[in-house]
Amino acid sequence: RCDELDIICEFVLEETPLIDKDEFIRYRDYDINDRVNRNNTIYIVISKGPSIYFQVLDLYYDGPRIDPKYYNVDPINPRGGYFEVSLMSCIDGDTAKFDYPSFIEPYVNDGESVRFLNMDTEETYPNAEEWGFPAKFYTCALLENAESIIIQTDPDDELQDHYGRLLSWIWIVPEGTELRENKTEYDIDQYELINYKIIQQGLARVAYLYGAGKMKYNNKSYTDWMYQAENYAKYSEYLTKLLS
């Protein structure tokens with residue numbers, strides 16, 4: 001119709017977690033019923049956000065916890081230890097930057113960047129894939145609202161990837177979790193594994209294992225826990241299709 005009306009239509013993709021009034025297509029410079037001169041350009045904005053493609057499931061966390069035996073393990077050598085960090089910025093569904101202790105800095109090449117172990121989400125850059133932004137919005141919401149964040153390295157993989165990013169398991173105390181009575185810090189069994197939670201939501205796949213994930217909780221390896229989350233997501237998707 002644009003050609004028929006002698007106007008130029010340009011489509012603009014806008015990625016945003018907030019979509020005004022649930023509308024996801026709008027004119028950038030015009031309102032409905034505005035007059036447009038011939039040969040003018042109309043910019044049509046298509047807004048995409050998680051509320052259009054993905055609804056966060058309120059899932060009970062049944063994943064692993066941090067075994068207290070890793071408390072005294074060195075996170076550098078032999079790896080497997082953990083330490084508390086603060087979030088600097090969230091990059092995408094499986095990458096973020098953290099302000100972590102200075103003793104880590106000499107061992108990694110890419111500043112504060114951390115790549116989440118044993119998982120992969122779709123990309124947001126340079127070409128956004130279908131589930132890239134929903135994964136980013138979910139991961140970023142978990143990290144930005146967490147009461148506490150812990151990073152744990154893995155002795156069965158390298159300390160960093162070929163980009164120089166720290167390879168880690170990311171644990172959080174979820175938003176709204178209360179301190180236990182007479183405690184000033186969260187107990188280690190209050191932390192939940194983000195790697196597991198993202199896969200359980202169906203926003204990532206188990207990938208890039210390279211031997212990492214043999215550490216255990218309740219006699220089950222981290223890798224087996226990750227596959228449990230992936231199987232749950234696949235089964236949920238199957239039931240949704242079956243019942244629709």
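The model is predicted, so local features need pLDDT of at least 70 and side-chain atom pairs count only at pLDDT 80 or more, while totals for chains, interfaces and linings use all residues. Residues are numbered from 1 along each chain as its sequence is written, and side-chain values use heavy atoms, with hydrogens and water left out.

N195 belongs to helix α3, residues 194-200 (helices are DSSP runs of H or I with at least four residues, strands runs of E with at least two, numbered from the N terminus). With a relative accessibility of 0%, N195 is buried (buried means under 20% relative accessible area, exposed over 50%, partly exposed in between, with a 1.4 Å probe and protein chains only). A polar atom of the N195 side chain lies 3.0 Å from the backbone oxygen of L117.

Across the whole structure, a search finds 9 aromatic pairs (rings of Phe, Tyr and Trp, the last by its six-membered ring, pair if their centres lie within 6.5 Å; planes under 30 degrees apart are stacked, over 60 edge-to-face and the rest tilted). W171 and Y222 form an edge-to-face pair, because their ring centres are 6.0 Å apart and their planes stand at 65°. This pair links distant parts of the chain, 51 residues apart: W171 lies in strand β9 (residues 166-173) and Y222 in helix α4 (residues 222-243). W171 is buried at 0%, and Y222 is buried at 0% relative accessibility.

Y217 and W225 make a tilted pair, with 6.2 Å between centres and 45° between planes. Ring pairs join Y61, Y196, Y217 and W225 into a cluster.

Conventions: A polar contact is a pair of N or O atoms within 3.5 Å; within protein, one must be able to donate a hydrogen and the other to accept it, and residues adjacent in sequence count only if both atoms are side-chain atoms.
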